[in-house]
Amino acid sequence: MDLTETVTGPRSLTADDRGAPPRPTADPATRRSRTAKRDRSGHSPPCNGVTAEEALQNRCAPEAAGVTGSADASTATAAAPPGPSDPAATVEPAVSGDGGGLIRVDRLGGQRSSSTTAPTGCSANGTDAPRTTTQSREPALPCPDERGSPLSNPGPPRRPPRPQAPEPERWARAALTRLTEPGDAAVGRTIGRLGAVALVDAIRAGAPPSLLELSAGRLDAYRARLRDIDPLADLERARTRGGRFIIPGDPEWPSQLDDLGDGRPVGLWIRGSGSLRMLALRSVSVVGSRACTPYGRYVAGQLCSQLAERGWVIVSGAAYGIDAAAHQGALAVGGITVAVLACGVDVAYPPGNAELIERIAAQGLLVSELPLSTHPNRFRFVLRNRVIAALTRGTVVVEAALRSGALSTARRARDLNRHTMGVAGPVTSDLSAGVHALIRSGAATLVTDGAEIGELIGSIGEDLAPRRSGPVLPRDLLEPPVARVLEAVPATAEGAPPERLARQAGLSVDDTLKRLYELGSLGYVERYGAHWRLVRRRRPAGP
């Protein structure tokens, strides 16, 4: 009989069939004919009365997962299913061209092995005796292996490659940025003692408060919040929006942030091009009041334009008032500016500066301790000021009232041994009272332009400001004896005799006459009879 007729499923073996010698293995052409007919029939041959689909659904007996043995069906034995030694293994049906087998795949998507059932012999009465073999085979639907790259096997549909999982430290710190608030010293001490990964695992496992040095109430709140946190989704969303998340130890991490001690950021979410570490090496922060005056806005813009032209990076908070003027001054001359936000780097706050924030992201950097889609509140603005102060070489306060958040940035900079500078304003302005008090107490240095700021925070001998002096008049170049004679000449029309001029200048008469003739040659005095008088300057005639 034709071998292709037996593909739809082997009949039950009789005693005569079991005693008959096996039929020789079919040639490749005949086997391909069987495969084609099985594909047209739309189902796979049963395996011990159970189909592969039923085996997957019901997790049936081991013989449904694959049988290994000789060509004689009576000596076939069942392959061992995945056991405790391989807990990640599962059994899935094969969907490749010579189907009917089961594919062993681990949870990470790595292919282990596959079992196929193919008729290789038949009994004396023409019934095929199925033989099950175990071999390695790629599934038609590729899945990513442990390295994240898709297995190369044709056949639609193809699943996209799984993104590479981040390292545990980055994953844990990303979770902590959403779990805790910035600048939490208790959390920072625990991270330094146990590590970020151990801290997250301990919170999830319900570790005692004494181990983590955190109160029971905080741990309960963290544990409840941790169930709704997906740090992998946050990292992937940041990547798709052109951002990234850096942690201590990364090449881009600014080491000067370590001066904050236990209050150091857990990590920083960044949006924009360029290296934060490189940009922060030559940076200065400019802060001030939100409700600034036109004078303060003009001064902040001028200072930052001059600093940007000298190669300095401007750092501020992207708020209204002085912050916005500082960013705009740097951008106006093609400089680089960095905005440290009190919200997520994908949130435009304040809304009125949305266009400015997008320009900063395109031309500079947006930096935040808070994950994406996080909105600001009052105390987060104060906490982000410590990052502004620690990130830069110095802080300039342009305008600030006696109760202003900009003064907290200046105090943080002073505590971190950074240069603190202030710009004087009108003594009648309440918005300059805080800056004047800062300068008067000696906590800040008075500056008036970008050159003076660069001299304080720049390299010794390289960023010197030019010396300031008034205009030099021709009279300033006269020698002291000549200048004394000129001062003795009266401004009256009749003048004075040489003897009187000599007594007033403290010189002899002969020396006085010599100096008078020198002054006459220079056009300062003229002789009027026996007297000397000043030359009257003719004023230009008016229109």
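**Notebook: a sheet and its helices**

I began with a pair of residues: Ile-314 stands opposite Thr-337 in β11. Before going on, I noted that this is a predicted model, where local features need pLDDT of at least 70 and side-chain atom pairs count only at pLDDT 80 or more, while totals for chains, interfaces and linings use all residues. Residues are numbered from 1 along each chain as its sequence is written, and side-chain values use heavy atoms, with hydrogens and water left out.

I then looked up the strands around that pair. Strand β10 (residues 313–316) runs parallel to β11, and 3 bridges join them; two strands pair if DSSP finds at least two bridges between them. Helices (H or I, at least four residues) and strands (E, at least two) are DSSP runs, numbered from the N terminus. On its other pairing, β11 is joined by 3 bridges to strand β12 (residues 365–368), again parallel, and Val-338 stands opposite Leu-365 there.

Which way do the residues of β11 (residues 337–340) point? I found Thr-337 and Ala-339 on one side and Val-338 and Val-340 on the other, all of them buried (under 20% relative accessible area, 1.4 Å probe, protein chains only).

β10, α12 and β11 form a right-handed β-α-β unit, and so do β11, helix α13 (residues 354–363) and β12. Right-handed here has the path from the first strand over the helix to the second running clockwise, with the strands pointing away from the viewer.

I stopped at Asp-323, which lies in helix α12 (residues 322–332). Asp-323 is buried but has no salt bridge, and the nearest side chain of opposite charge, Arg-384, is 4.1 Å away. The salt-bridge cut-off puts a side-chain nitrogen of Lys or Arg within 4 Å of a carboxyl oxygen of Asp or Glu; Lys and Arg count as positive, Asp and Glu as negative, and His and the chain ends are not counted. Leaving aside neighbours within four places in sequence, the contacts of Asp-323 (heavy atoms within 4.5 Å) include Val-286, Gly-288, Ser-316 and Arg-384.

Finally, I zoomed out. The open sheet has 9 strands in the order β7-β8-β12-β11-β10-β9-β13-β14-β15, with mixed pairing. β7 (243–246) and β15 (445–446) are at the edges with a single partner strand each, so one side of each has no neighbour in the sheet.

Conventions. Buried means under 20% relative accessible area, exposed over 50%, partly exposed in between (1.4 Å probe, protein chains only).
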